[in-house]
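Reader: I should like to learn how to read a structural model. May we proceed feature by feature?

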Amino acid sequence: MAPSNQGAKGEYRTILVAIDRCDSRVYKGIAQYCVEHHWHLSPYLFNDRTIPENWSGDGVITCYGDTLADFILSLDMPKVDITLRNIPQTIPRVVVDNDQIGRRAANHFLKRGYKNFAYFSWADVSINQIRKSSFLETLRQAGVSDDAIHVLKQPDAEVIHDWKLYIDNITNQIKQLPRPIGVFTGQDNLGVSTIEACVNAGISVPDEVAVLGVDNIDFLCECSVVPLSSIDTNLVELGYMAAKQLGRLLDGEIDENEPVLTIPVKGVIDRRSTEMLAVEHPAVAKALAIMRRDFKNGLVLDDVYEHSGFSKRGLEKAFKRHLKDSPASILRKIRLDYAKNQLSQTDTKIEAIAVECGYSNSSNLSHAFKREIGMSPQEYRNEYRSPLFKD
């Protein structure tokens, strides 16, 4: 049996990538595996939808869809696909964990104290419906009643192609929802549209409507009117593992009946669209407002107790009841959320970020990071730094 870096000629393996309109991070993961294993990545399909006659490739990584369906089915070689769409062939699959995406979204809002929730997606996109089901199931398991769960509907096709009508339609639906509310959108582009609809209608994001997207597409999330929080779906790893599964298939370690391999998400990338903690209790709401306003300015808990109008014991009980957490923990979370955003979205030095967050030095920030997040600030920056801020 030839090792995974060798093809039929014993030199190297030549791999085709048959993917249409895919995130560049998937290509990056595939390329990383190819480099590590000395595979040759064929240039065909980057310019058109054909390959030369008598081309002898070893395998193909596909993204089955309407545009490439016939071409993919015509390829007589081992295949690994990165979708969950119905394919009239048995092909090993590698996909992101869509159930986990829905759970992460629900827990993101639940931990912030939201009592009302909405979901917005494309009804005809299968992965959106998996995310929706998982999102709603997690909310219901947490005791959220059906009355507090809402679904925003996509407008009719003729409305979608008219931007003003489309935004007006979304706005009218949002105006009917209770507030504050957490809105989870199945994709980042829908998250950005939701934010635009809110801003155009004078609805505050995140104070009245918090919005969370999926895929963490930097140029969409960071250039939104209000920067969009999003779930990083680990697309580099998706591409890498798709290539690895193809290598295993070529080596005979797996066959076409291999169960679907799911890739866990990296986590939620916090931006301004979900930085609000939702709560109806007046003293708790006032305390949260103080924390968000003054956490950079050497704020201590005694200041929070003094200005909230509640006793220390009373406020701590109220926090436990409404946010399931202590004032100290919530203040630390606000500081760490800000630090995570600065680490991933800016070039600011860690020492300066620590001071901005209200820590006396970077060592204190590092200690809090390791305790709460399980990694150092530098490790977090290395893992989650936006491509826009990489060399």
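Reader: Does Asn234 count as buried or exposed?

Author: Buried means under 20% relative accessible area, exposed over 50%, and partly exposed in between, with a 1.4 Å probe and protein chains only. Asn234 counts as buried, at 15% relative accessibility. Please note that this is a predicted model, in which local features need pLDDT of at least 70, side-chain atom pairs count only at pLDDT 80 or more, and totals for chains, interfaces and linings use all residues. Residues are numbered from 1 along each chain as its sequence is written, and side-chain values use heavy atoms, with hydrogens and water left out.

Reader: Where is Asn234 found?

Author: Helices (H or I, at least four residues) and strands (E, at least two) are DSSP runs, numbered from the N terminus. Asn234 is in the loop between strand E10 (229-232) and helix H9 (235-250). Although Asn234 is not a glycine, it has a positive phi of about 65°. Asn216 is not a glycine either, and has a positive phi of about 50°. Asn216 belongs to the loop between E9 and helix H8 (218-222), and is buried, with a relative accessible area of 5%.

Reader: How are two packed helices described?

Author: They are described by the angle between their axes and the distance between the axes. Axes are lines fitted to C-alpha atoms, for helices over the stretch in contact, and angles run from 0 to 180 degrees between N-to-C directions. The axes of helix H6 (residues 163-175) and helix H7 (residues 188-200) come within 9 Å and cross at roughly 80°. H6 and H7 are therefore roughly perpendicular to each other; angles of 65 to 115 degrees count as such, under 35 as roughly parallel, over 145 as roughly antiparallel and the rest as oblique.

Reader: Which residues make the contact of H6 with H7?

Author: Contact means heavy atoms within 4.5 Å. Among the residues involved are Trp163, Tyr166 and Ile167 of H6, and Leu190, Ser193 and Glu196 of H7. The contact residues divide into 8 nonpolar, 4 polar and 1 charged. Here Ala, Val, Leu, Ile, Met, Phe, Trp, Tyr, Cys and Pro count as nonpolar, Asp, Glu, Lys and Arg as charged, and the others, Gly among them, as polar.

Reader: At what angle do the axes of H10 and H12 cross?

Author: The axes of helix H10 (residues 282-294) and helix H12 (residues 312-323) cross at roughly 95° and come within 9 Å. That makes H10 roughly perpendicular to H12. Ala283, Val284, Ala287, Leu288 and Met291 of H10 meet Leu315, Ala318, Phe319 and Leu323 of H12. By class, this contact has 9 nonpolar, no polar and no charged residues.

Reader: How may I check the span of helix H13?

Author: The expected span of a helix is 1.5 Å times one less than its number of residues. The 19 residues of H13 (residues 327-345) should therefore span 27 Å, and the end C-alpha atoms are 27 Å apart, which agrees. Because 16 of the 19 residues of H13 are buried, this helix is largely enclosed by the rest of the structure.
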